[in-house]
Amino acid sequence: MTDEEYEALDNELTRTVPKLGPNGTGFITQREMRNLGFTNLTVNYLLTKAAANNKSPAQILDELVCKEMAAAI
């Protein structure tokens, strides 16, 4: 990779915000969830809930954790 190519790639990655997909793509994928020890039931629930709400599995997990924390207070 040349210096010019590196600079172009660096600029693009700096300006681009990664988008999480509702189908398990993005920062937390099906494979990663299974590698973290999630059961098939949990993975399927997260993917179904994410797709139905047009959100990522990570967003669904975040909402579930926030609900649990609010209920504990």
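This is a predicted model: local features need pLDDT of at least 70, side-chain atom pairs count only at pLDDT 80 or more; totals for chains, interfaces and linings use all residues.
Helices (H or I, at least four residues) and strands (E, at least two) are DSSP runs, numbered from the N terminus. Residues are numbered from 1 along each chain as its sequence is written, and side-chain values use heavy atoms, leaving out hydrogens and water.

**Stop 1: the whole chain.** Show everything as a cartoon. You will find four helices and zero strands, in the order α-α-α-α from the N terminus. Of the 73 residues, 15% are buried (under 20% relative accessible area; exposed is over 50%, and partly exposed is in between, with a 1.4 Å probe and protein chains only). Contacts here mean heavy atoms within 4.5 Å. Among those with a separation of 6 or more, 36% join residues 24 or more positions apart.

**Stop 2: H3 and H4.** Select residues 40–53 for H3 and 57–72 for H4. Their axes lie 8 Å apart, at an angle of about 100 degrees (axes are lines fitted to C-alpha atoms, for helices over the stretch in contact, and angles run from 0 to 180 degrees between N-to-C directions). The two helices are therefore roughly perpendicular, a label for angles of 65 to 115 degrees. Now show the side chains of the contact: Tyr-45, Leu-46, Leu-47, Lys-49, Ala-50 and Asn-53 from H3, with Pro-57, Ile-60, Leu-61 and Leu-64 from H4.

**Stop 3: the core.** Next, select Met-33, Val-43, Leu-46, Leu-47, Ala-50 and Ile-60, the six residues of the largest nonpolar core (buried Ala, Val, Leu, Ile, Met, Phe, Trp, Tyr and Cys residues joined through side-chain atoms within 4.5 Å). H3 gives the largest share of this core, with four residues.

**Stop 4: the loop.** Where is Asn-54 found? Asn-54 sits in the loop between H3 and H4. Its phi is near 55 degrees, a positive value in a residue other than glycine. Asn-54 is exposed, at 63% relative accessible area.

**Stop 5: a charged pair.** Select Lys-55 and Glu-63, whose side chains form a salt bridge at 2.3 Å, N to O (a side-chain nitrogen of Lys or Arg within 4 Å of a carboxyl oxygen of Asp or Glu). A search of the whole structure finds one salt bridge. Both partners are partly exposed: Lys-55 at 27% and Glu-63 at 32%.

**Stop 6: across the sequence.** Finally, pick Gln-30, in helix H2 (residues 30–35). Gln-30 is partly exposed, with 35% relative accessibility. From Gln-30 to Pro-57 is 27 residues in sequence and 9.1 Å in space, C-alpha to C-alpha.

Definitions and conventions. Angles under 35 degrees count as roughly parallel, over 145 as roughly antiparallel, 65 to 115 as roughly perpendicular and the rest as oblique.
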